[in-house]
Amino acid sequence: MSEDKKDRIDNDQSDAMQRRRFLRQGAAAVGGVVAGASSTSALAAEPLAVPPTNKMMGRPVVATPYGLPSKFEANVLRRNVEWLTPDTTASISFTPLQDLHGIITPAGLHFERYHSGAVDVDPEAHRLVIHGMCERPMQFTMEDLRRMPSHTAVHFLECPANGAMEWRGVQMDSVQFTHGMASCSEFTGVKLTTLMEYCGVSPDSTWFYAEGADGSGLQRSVPLPGAKDQNGQALSEYDQNEIYKDVMVAYAMNGEALRPENGYPVRLVVPGCEANMSIKYLRRLKFTNKPLVTYQETRHYTEVTSDGRIRQYTLVNEANSVITYPCPDKHMGGKGFYEIRGLAWSGRGFIKGVDVSTDGGKTWREAELVQPVMNKCFTRFKIPFDWQGEEHLIMSRAHDDSGYVQPTLKQLRDERGTNTIYHKNSIQTWRIEKSGEVNNVQINNV
Amino acid sequence: MFRSTMCKSAVIRSVFTRAAGATCALLLSSALHAASLSGIGQPITDAELVNWDISVFYDGEGLPEGSGTLEQGEEIWAGKCAMCHGDFGEGVRGYPKMMGADLEEFHETAVDNGFNVENRGINNLWAHAPTLFDMIRRAMPYFLPQSMSDDESYAVTGYALYLADIIDDEVEVIDADFLRNLEMPAAHLYYTDTRPDVSNTRCMADCFEGELEVVGKRIEGDFSGSD
């Protein structure tokens, strides 16, 4: 029976039938524009049932004093990869980027990275110490930090090993595992420069290091103007002069106190840089005139380059992007309209634009950037896509306000080989199969 | 807060006196806009930080008094280290090994053969011996960090260096001077980031010719990372 004929029959029926007809027409109209081939559901003969929730009383206030997601969202979880690390206390979990919208990562879904497990630091007993090359070495309570001039900014944090499992070939058929070592949050705390001024940090200080109060006592060195490495090689102008300006000591994330997983009660946030530098459970900043060259700066977070040398202090996470819908975790639901959506970010500043290709990179279209677009922050992009059941290779390519354009996998491999670990920020390709399934693939020759 | 309360009562008392109001406005303004940061936090001295400031720089600055021997190190290793790092430092269950791939071979073939966890070790990657001491003293043994004395940490550092074939069993004492002067095999290979190392362009149309080589899922359980 055609839509028209059914509508004519319906015209003669009761009010209730007319109401049904209206609903069907609405559904058909939406189906025609948005869902295309799925119009059979608009022809369902049975009326929609009144949902059981219309016929019951719900839960009272404070039934969940700290609210939780709907039970129907129970699949939206951080996940880890068992074979990745020998131990879950020195390991990583991944953010389910496929289920997120906008740019903020809910605190409970922020990826985790521990070097000796998460700890519960008592905020009353906790002290942040600032010392070294400064006129006024100081210790601060948490209350002291909250009294100081505050600074709020939205920034991404990304483990430099994000994507590391994909250097040698396709391994993780999931955006959660290819790109989920990245999250984005609003942080509130005190700017490093405020603390530096208050403690009278010497202009001769060219580095500081941060140390955590967890079992790993994690330490990382952060450059200041004039920074040179242990061999006398100067760091880049950008690393010397720009990184520290955005650094903050954060006690809040997404409007509430930090979670233990994210460094409660206070952490360093080094926006744009490998998240290992954003020391959690922060207890000490020491201003110096040289780097520590810690365990985390030699055995980890360094790379052997193609000339056989070892590259260190690869601090900045260069521009990266990925399509989060559709993706291997979110297949196609039928022919017709889709909005390709994704995330882009750059450790050097603002995302200037994102280009999207649906033909393996032969042609590209500029996607729309969703406001707000912020410094060293996830930027959401979107672009309409009409899928008619063909095979497509979809990919996104970000560029930032420094002029840097996200590279292809081939470009990175040609330069770095396939056995490096960190900073794999190459263009990600998903293949939409004719079946509507979406898979992770790699383009090896372009 | 104190000033503004004063002003409020002053204004109430002399509600018809414009001068008093103007003065208070100035005071209020300076309290809000020109407040310099003060009265927050407590000064701290180096003496108060002896238990905290235990960091050791790459050049040995910060190494404590004390020493250890390889014999002591061997004994501690058996009890506190071998269950993860292996009796011979070979690493078990994926935990880091002390002796990685041969340095020359490792670096000559890094791009093809792997800067991966199976190959990485103290011999081919660690740049400075004092860093090794720092790591062991602050974070090892993994299940009970900061439980070893400085002497024990020196002993274990020495034994790890021995297992990595960087020092031989003739070494009698491992202390600050020894670690400061020990040349690590990989130290000379280090250089600091010079990225961007690749350059892409925003081609928008006709970006390549010919067929794409597209590869799907083909490997499983292979990762060149580690803890």
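Predicted model: local features only at pLDDT ≥ 70, side-chain atom pairs only at ≥ 80, totals over all residues.
**View 1. Overall extent and packing of chain A.** Taken along the principal axes, the box filled by the C-alpha atoms of chain A is roughly 90 × 60 × 40 Å. Of the 446 residues in chain A, 52% are buried. Among the contacts in chain A with a separation of 6 or more, 68% are accounted for by residues 24 or more positions apart.

**View 2. The contact between chain A and chain B.** Chain A contributes 88 residues to this contact and chain B contributes 67 residues. On the side of chain B that touches chain A, at least two residues each come from strand E1 (42-43), helix H5 (103-108), helix H6 (110-113), helix H8 (129-139), strand E4 (190-192) and strand E5 (214-215) of chain B. The element that gives the most to this side is H8(B), with five residues. Sorted by class, the side of chain B that touches chain A comprises 33 nonpolar, 17 polar and 17 charged residues.

**View 3. Strand pairing across the two chains at E1(B).** Strand E2 (residues 138-140) of chain A and E1(B) run antiparallel and are joined by two bridges. Within this pairing, Met138(A) has Pro43(B) in E1(B) as its bridge partner. Strands of a sheet pair through backbone hydrogen bonds, either parallel or antiparallel.

View 4. The order E11(A)-E12(A)-E4(B) describes an open sheet of three strands with mixed pairing. Its edge strands are strand E11 (303-304) of chain A and E4 of chain B, each of which pairs on one side only. Within chain A, E11(A) and strand E12 (residues 310-312) run antiparallel, joined by two bridges, and Glu303(A) has Arg311(A) as its bridge partner in E12(A).

**View 5. A four-strand antiparallel sheet in chain A.** Four strands of chain A form an open sheet in the order E13-E14-E18-E17, and the pairing is antiparallel. Strand E13 (320-325) and strand E17 (368-369) of chain A stand at the edges with a single partner strand each, so one side of each is left without a neighbour in the sheet. The partner shown for E17(A) is strand E18 (residues 379-387) of chain A, to which E17(A) is joined by two bridges in an antiparallel arrangement. Here Phe381(A) in E18(A) is the residue that Leu369(A) stands opposite.

Key. Residues numbered from 1 in each chain as written. Chains lettered and ligands numbered in written order. Contact = placed C-beta atoms within 7 Å. Nonpolar A, V, L, I, M, F, W, Y, C, P; charged D, E, K, R; others polar. Pairing = 2+ DSSP bridges. Buried ≥ 20, exposed ≤ 12 C-beta atoms within 10 Å, placed from the backbone.
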